[in-house]
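Visitor: I am new to this structure. Please pick one chain and take me through it closely, including how it meets its neighbour.

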Amino acid sequence: MRRPLVSLVAAALLLVVPGCGSSDDEPPAAAGGSQPVKVGVIPILDVAPIYLGKEKGFFSGRGIELTMETGQGGAAIVPGVVSGQFQFGFSNVTSLLIAQSRGLPLKVVSNGVASTSKDKADYSGVVTRDDSIRTAADLAGKQVAVNTLKNIGDSTIRASVRKAGGDPSSIKFTELAFPDMPAALEAGRVDAVWVVEPFLSATIAQGGRLVASNYVDTAPDLTVAVYFTSERLLRDDPDLVRRFTEAMNESLAYADAHPDEARQVLTTYTQIDEAVIGDLILPKWPAEINRESVETLASLAVQDGLVSEQPDVAALLP
Amino acid sequence: MRTGRRRWWQGAAGLAGFLLLLELIPRAGVVPDRYLPPTSRVAGALAGELGRPAFWAALGDTLAGWAIGLALAVGGGVALGLLLGSVPALRAATSSTIEFLRPIPSVALIPLAVLLFGTDLRSKLLLVVYASFWQVLIQVLHGVQDVDPVAMDTAHSYGLGRWARIRHVVWPTALPYAVTGFRLAAAVALVLAVTAELIIGSPGLGKEIAVAQTSGAVPAMYALVVVAGLLGVGVNLAARALERRVLAWHPSTRREAAA
């Protein structure tokens, strides 16, 4: 997992190299015509609405010619948006709070994905094969794998453990990519893993036991990830941002109302097995950002030492 | 040619044995087959890939990045190598800089590539060119050093100009080195093209591998890895064929053919 490091280094470079990026001299697209827009996303099920919305013409109908740029793990997304390579990006809320605390000029434009808010029936969870772990509180002192250290995974797992009355400070977090987690758990290299769909279903099918729904324990209707842009684009082309937000909101509402079509669109941009697609737990895609839950994630980020001072949530959110 | 044929059969037998082993290990339960699918299932996934237009587009993207990057690296490496090699003062002035830049791993430039070019082809080219350029440059520099001083003096005595000396004395000496550099660069360029796609997400086979991985589609992921391996074999065979063709006159090639 070198990707978070890569993005950090790239973000750091952006801070020290002012004037980087090539979009400054690009002419603004002609009004009325179709405007090419690149969005940095990760090819996972969370972003099904944007693919579905593109298919449904929600973007083209608003003069947006949408292209998805998929970087694995999103190493390129935040630097890509800041430098103007992408107009918009998809990121989890904690990453954006951290980026904001480092002074990156980012602004959220729409919701991305939310927890189902159903305990033990969310698209994210902590799975174990260790019989001594019965509840989240038992994770104290255990080795738990997350995809990125000091991010939304460990932050929300600590919240789970705290809620169950355990001591989160003694959890030993290890970094592993989601695809490597089922094998690591089966081989006993870690005591528990944090996985999201489709790996959650796969890990449980292989004999894992779900002990905590970390997103559900963190806040009701937790906003997990959002779409964002740079403050520069917001200033230079507020009309584009407005149209993108509208199209995104329509896409989210449509995907949420048509889960079968959302499952279907997964076959177009992922390689998830069709049988798995039918059974996996879909997240929720509300058009509204749950501001209260973002505040919760911000407080957790401070509590866990991911950021040094309370983030300005109002400045980040639209 | 009999030894050649026998070697071909031995190579094929070795490969078949390897594939059989990969079939048996997961079937025997040594490794769970969901993490290492047997050869037959990977072959099935490979057949599935061959039917996807996205696969062919990805293959084309990888080959395009490889070919363009390699062409730039070879062109630049040969030109700069001949220039630096023929002017001793330039060579002395640049040698420590080259020795400093050459060991920097191309992947260390990924943050820079992403910053400058995002995920498009130019990011991939930056990595590919940076990695393969040195292979060519260093070989050509060595080649130019290897020029026989007597031949050079003779050319001088016959009144050959600078250009004619490069064309008739330096180039024939440096060519075998340049071709070796090309062959090394061809392999390195492919490695870096796939790496760039895998990590940065530039379109291509590497990106397809990443998508299969994040989708938990293990057989498809291995199938794509196999394709990347086959590409490597193909690139090496093509580079060797080219080497034999370009250097047909050279003693090293002639001796090999006579054996």
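Guide: Chain A has 14 helices and 10 strands. Helices (H or I, at least four residues) and strands (E, at least two) are DSSP runs, numbered from the N terminus. This is a predicted model: local features need pLDDT of at least 70, side-chain atom pairs count only at pLDDT 80 or more, and totals for chains, interfaces and linings use all residues. Residues are numbered from 1 along each chain as its sequence is written, while chains are lettered from A and ligands numbered from 1 in the order in which they are written.

Chain A holds 318 residues, and 54% of them are buried. Buried means 20 or more other C-beta atoms within 10 Å of a residue's own; exposed means 12 or fewer, and partly exposed lies in between, with C-beta atoms placed from the backbone. Take the contacts in chain A between residues at least 6 apart in sequence: 80% of them join residues at least 24 apart. Two residues are in contact if their C-beta atoms, placed from the backbone, lie within 7 Å.

Now the sheets. One is an open sheet of five strands in chain A, in the order S2-S1-S3-S10-S4, with mixed pairing. Two strands pair if DSSP finds at least two bridges between them. The twist averages 25° from one strand to the next. Angles run from 0 to 180 degrees between N-to-C directions; axes are lines fitted to C-alpha atoms, for helices over the stretch in contact. Strand S1 (residues 35-41) of chain A runs parallel to S2(A), over seven bridges. A:Val39 has its bridge partner in S2(A): A:Met68.

Another open sheet of chain A also has five strands and mixed pairing, in the order S7-S6-S8-S5-S9. S7 (172-175) and S9 (209-212) of chain A are the edges, each pairing on one side only. Here the twist averages 35° from one strand to the next. Strand S5 (residues 124-128) of chain A pairs with S9(A) in the antiparallel sense, over three bridges. A:Val126 is bridged to A:Ala212 in S9(A). Helix H5 (residues 152-163) of chain A lies across S5, S6 (143-146), S7, S8 (192-196) and S9 of chain A, at about 140° to S6(A).

Helix H4 (residues 93-101) of chain A is mostly covered, with eight of its nine residues buried. Among them are A:Val93, A:Leu97 and A:Gln100. Just after H4(A), A:Gly103 takes a positive phi of about 90°.

Last, the neighbour. The contact takes 29 residues from chain A and 22 residues from chain B. On the chain B side, H9(B) gives the most, with six residues. That side has 14 nonpolar, seven polar and one charged residues. Ala, Val, Leu, Ile, Met, Phe, Trp, Tyr, Cys and Pro count as nonpolar, Asp, Glu, Lys and Arg as charged, and the others, Gly among them, as polar.

The largest nonpolar core has 155 residues, and A:Val144, B:Val136 and B:Ala189 have the most contacts inside it. Such a core is a set of buried Ala, Val, Leu, Ile, Met, Phe, Trp, Tyr and Cys residues joined through C-beta atoms within 7 Å. H8(B) supplies the largest share of this core, 16 residues.
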